[in-house]
Amino acid sequence: MTPMNRLKASMVLDKDFKIATIDNRIYGSFIEHLGRAVYEGIYEPGHPTANESGFRRDVLKLIRELNVPIVRYPGGNFVSGYNWEDGVGPRESRPRRLDLAWRTIETNQVGTNEFMDWARLAGTEVMMAVNLGTRGIDDARNLIEYCNIEGGSYFSDLRKSHGCKAPHKIKTWCLGNEMDGPWQIGHKTAGEYGRLAAETAKAMRQVDPGIELVACGSSNPYMSTFPDWEATVLEHTYEAIDYISLHQYYSNSANDPASYLASSVSMDQFIKTVISTCDFVKAKKRSHKNIYLSFDEWNVWYHSHAADSKLDPWSIAPPQLEDVYTFEDALVVGSLLITLLKHADRVKMACLAQLVNVIAPIMTEVNGRAWRQTIFYPFLHASKFGRGYALNPVISSPVYDCKAFTDVPYLDSTGVYNEETEELTIFAVNRHLSEGLELEVDVRSFEGYRLVEHIVLEHDDLKAVNKAGEESVAPHKDGNAVVNGGMLSARLARTSWNVIRLAR
Ligand code: AHR
């Protein structure tokens, strides 16, 4: 390709084109009692790095590196059959239960109080989910009393008797999980769920008026009930809740990289439809309140489906959903993060699902090492540098058509301006499978800003993976971005994730 016909894209980033202040909780994650997420993941008494409570310090270190502000717990599908009382009090008297969602045995050796202790060590808040599958209002109000009331009542004193003198003060609560899904224990119609969620919200707020509540939206945008589900649920819950949830997992099971790399187009459409549905109900109700979005399950998930179908039921902490992520998965995760940033005005929370071993950026060996999967890196970069204002980028990029979408821009990009540190960060994915992309960014409103670094994640092989002790997919800092006279130029390597940082 001659310099004349090289692929070119441009972007304008202006300090004054602000979408919104980013809620840091969009860099949240998720730990479910599922597979080896809890047992052998965060908790492994006897591991050489385990602390006195059995939590792995090597895993905690990697999680702290990601700086995750909020972690959803304890499920997921698991929560719809969970009795929270099984997981509190003396460990030796906790029951072993069948977990019907994942067909395993739950030992209950980790429960609410242990998880709250772990969260403090991980430097994160907890987004606690209540069981609206097999249970309801009564258990939800009891659990919040157990967690959030100082003392002087049955459940708050029970917590104290379990050794937790101070209340956990959990602010954010999910009203069930994926209640639209026929696979969910206690699956409900939108009307049934909407009424139950509204009444549960009322009771929970009577216990603690300071909480925030997330109602279940659709399990994915391909559900036949989407988006009627959201409209009906919001009809019932509009004034009672603060957020509606979105879940979506992305896959390259068809091995079609061009379509797969465009996955964020689907996320973007999903978000826009949910926003429209929220605002439709707002208009109908003549309300002045906005409902915000909690994208509290998102990630790539497909590599482990075949292995999971061969697992025998009723074992403890089997290796379920252990996707080994490729380099192309990291590009998709980067693109999805860019999409969340572009909706910073409405998406206030998001959880990369999940955090350890189960469709996760961090993997562990029993009694052995912990390591970073490929997707660790875009998440790390966004969480570290993507704090401040989301800017509204004006992008001009050549486009392509693929099986799943038309007019997909090769350049997926956005900018974040951190006023406090006076830093501008550009996140960019070049989706082109074979060509580099010449990028020009107009940053004239950032007068006097100079290049700090241009981080690149690239690899010759889209299917490259990381293993214990062998990180073949890792970022380098040899990107070629330059800033001159308010214009930034960089060549974005084919299929690459780029983080270009400027500061004063
Ligand atoms: O994250 C894995 C599972 O995906 C969760 O348990 C469920 O909510 C979703 O279907």
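Residues are numbered from 1 along each chain as its sequence is written. In this predicted model local features need pLDDT of at least 70, side-chain atom pairs count only at pLDDT 80 or more, and totals for chains, interfaces and linings use all residues.

Q: Which strands stand at the edges of the open sheet of five strands, and why is one side of each left without a neighbour?
A: The order is E16-E1-E21-E26-E25, with mixed pairing. Strands (E, at least two residues) are DSSP runs numbered from the N terminus, as are helices (H or I, at least four residues); two strands pair if DSSP finds at least two bridges between them.

Q: In which sense do strand E1 and strand E21 pair?
A: Strand E1 covers residues 8-12 and strand E21 covers residues 437-442. Ser10 stands opposite Glu440 in E21. Over five bridges, the sense is parallel.

Q: What volume has the largest cavity?
A: On a 1 Å grid over the protein atoms alone, a cavity is a set of points where a 1.4 Å probe fits but cannot get out; a pocket is an open set with protein on both sides within 12 Å along at least five of seven lines; lining residues have an atom within 4 Å of a point. Grid points are joined across faces, edges and corners, and a volume is the space filled by probe spheres set on the points. The search finds three cavities of 30 Å³ or more. The largest has about 110 Å³.

Q: Which element gives the largest share of the lining of the largest pocket?
A: The pocket holds about 530 Å³. Its lining has 30 residues, with Tyr222, Gln248, Tyr249, Tyr250 and Ser251 nearest the centre. Strand E10 (243-250), helix H7 (257-260) and helix H8 (263-284) each give two or more. The largest share, three residues, comes from E10.

Q: From which domains does the lining of the second largest pocket draw at least three residues each?
A: About 210 Å³ of space lies here. Among the lining residues are Ser264, Lys342 and Arg431. Domain bounds come from an automatic or database assignment. The domains are domain 1 (3-16 + 391-503) and domain 2 (23-385).

Terms used. Heavy atoms only, no water.
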